[in-house]
Amino acid sequence: MSSNGKPNPQPPAAAAATNGDGAGGAPKMYQRPIYRPQGPAKGRRGGGGRSSCRFSCCCCFFWALLVVLLLALVAAVAGGAFYLLYRPHRPAFTLSVARVNKLSLSSSATAPALTDSIDFTLTAKNPNKKLVYLYDDFTVTAATAANAVPLGEATVPGFAHEANNITVIKATVSAAALGVDPTAASSDIKKSGTFAITLDLETKAGVKVGGLRTKKIGIQVHCDGIKVSAPAPAPAKKGVKLTTAKAPAKSPAVVEAPAPSTAAADDATTSPPAATTVARVCQVRIRVKIWKWTF
């Protein structure tokens with residue numbers, strides 16, 4: 001009680017407890033807390049998504065790398081087994097003969113025209129014991145070595161190059177009134193003496209092993225260091241006398257001279273162009289074409 005004789009009021013909590021304890025007191029009231037909505041934890045959810053994405057990318061990269069390595073391993077094992085079983089070797093090409101039958105270059109200073117004919121003889125050897133090479137048609141081109149002045153082209157039919165077989169390839173590269181660069185042609189093509197040329201054969205080749213055939217790929221046979229000379233012009237006839245007093249007149253085109261002596265015959269007869277024995281080993285290159293570029 002207070003000093004003035006009035007009872008002190010009880011605290012609300014104590015009054016509620018007293019009322020709750022009493023039998024006839026009012027029931028205890030429950031006050032629901034005020035709901036305050038909270039936004040999602042954007043930082044944590046976003047971080048978890050990025051982590052999951054990074055993990056998925058790492059897994060994909062790992063499995064892709066593993067597949068590539070396994071394929072490379074299988075290819076290496078198969079290639080090693082194939083090499084040990086068959087011992088493959090590249091075909092060998094050797095240029096044996098080069099002969100210029102005709103060579104004519106017009107004297108035009110601005111647009112000279114080249115007319116020529118060159119015979120080539122090559123020897124192709126397949127050193128393999130079990131592999132057969134299958135060649136498509138060959139495209140044969142020749143050019144001067146210094147400035148690559150074109151000398152013409154030819155085509156050689158393809159063939160099947162059997163194992164342990166030697167095949168002779170003959171081609172005549174020719175050109176008729178072919179326009180060439182005047183400066184390069186006058187520098188490279190010599191009507192007297194020798195000059196260097198190159199020879200290229202391009203084709204597609206595949207390999208046959210028993211009943212299995214591989215896909216054909218492009219190859220190039222390149223021969224360089226070839227020295228050729230232009231055919232010598234027909235010399236003027238010397239030491240030949242025609243007796244026309246007692247014989248009927250004949251046209252100069254069909255006049256036949258008496259048989260001269262040995263010395264006179266050497267001067268009067270035009271010898272055929274001498275063949276140049278080259279014996280050059282040619283290089284065999286693999287030609288890979290990617291879109292517009294050929295390597």
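Me: Buried means under 20% relative accessible area, exposed means over 50%, and partly exposed lies in between. In this predicted model, why is D136 called partly exposed?

Reply: The relative accessible area of D136 is 30%. Buried needs under 20% and exposed needs over 50%. D136 therefore counts as partly exposed.

Me: What makes the contact between K216 and D136 a salt bridge?

Reply: The N to O distance is 2.5 Å. The cut-off is a Lys or Arg nitrogen within 4 Å of an Asp or Glu carboxyl oxygen. The pair of K216 and D136 therefore qualifies.

Me: Why does this pair tie together separate parts of the chain?

Reply: K216 sits in the loop between β9 and β10, and D136 in the loop between β3 and β4, so the bridged parts are 80 residues apart in sequence. K216 is partly exposed, at 33%.

Me: How do you know that D224 and R280 form a salt bridge?

Reply: Their closest N and O atoms are 4.0 Å apart. The limit is within 4 Å, so the pair counts. D224 lies in strand β10 and R280 in strand β11, 56 residues apart in sequence. Both ends are partly exposed: D224 at 31%, R280 at 34%.

Me: How many aromatic pairs does the structure hold, and why is the one between Y135 and F138 called tilted?

Reply: There are six. Y135 and F138 lie 5.4 Å centre to centre, with 45° between the planes. Pairing needs centres within 6.5 Å; under 30 degrees is stacked, and over 60 is edge-to-face.

Me: What makes the pair of Y135 and F159 tilted?

Reply: The centres are 5.1 Å apart and the planes 55° apart. Y135 is in strand β3, F159 in the loop between β5 and β6, 24 residues apart.

Me: How do you know that Y135 is buried?

Reply: Its relative accessibility is 5%. The cut-off is under 20%, so Y135 is buried. F138 is buried as well.

Me: Which residues do ring pairs link into a cluster?

Reply: F93, Y133, Y135, F138 and F159.

Note on methods: Residues are numbered from 1 along each chain as its sequence is written. This is a predicted model: local features need pLDDT of at least 70, side-chain atom pairs count only at pLDDT 80 or more; totals for chains, interfaces and linings use all residues. Side-chain values use heavy atoms; hydrogens and water are left out. Buried means under 20% relative accessible area, exposed over 50%, partly exposed in between (1.4 Å probe, protein chains only). Helices (H or I, at least four residues) and strands (E, at least two) are DSSP runs, numbered from the N terminus. A salt bridge is a side-chain nitrogen of Lys or Arg within 4 Å of a carboxyl oxygen of Asp or Glu.
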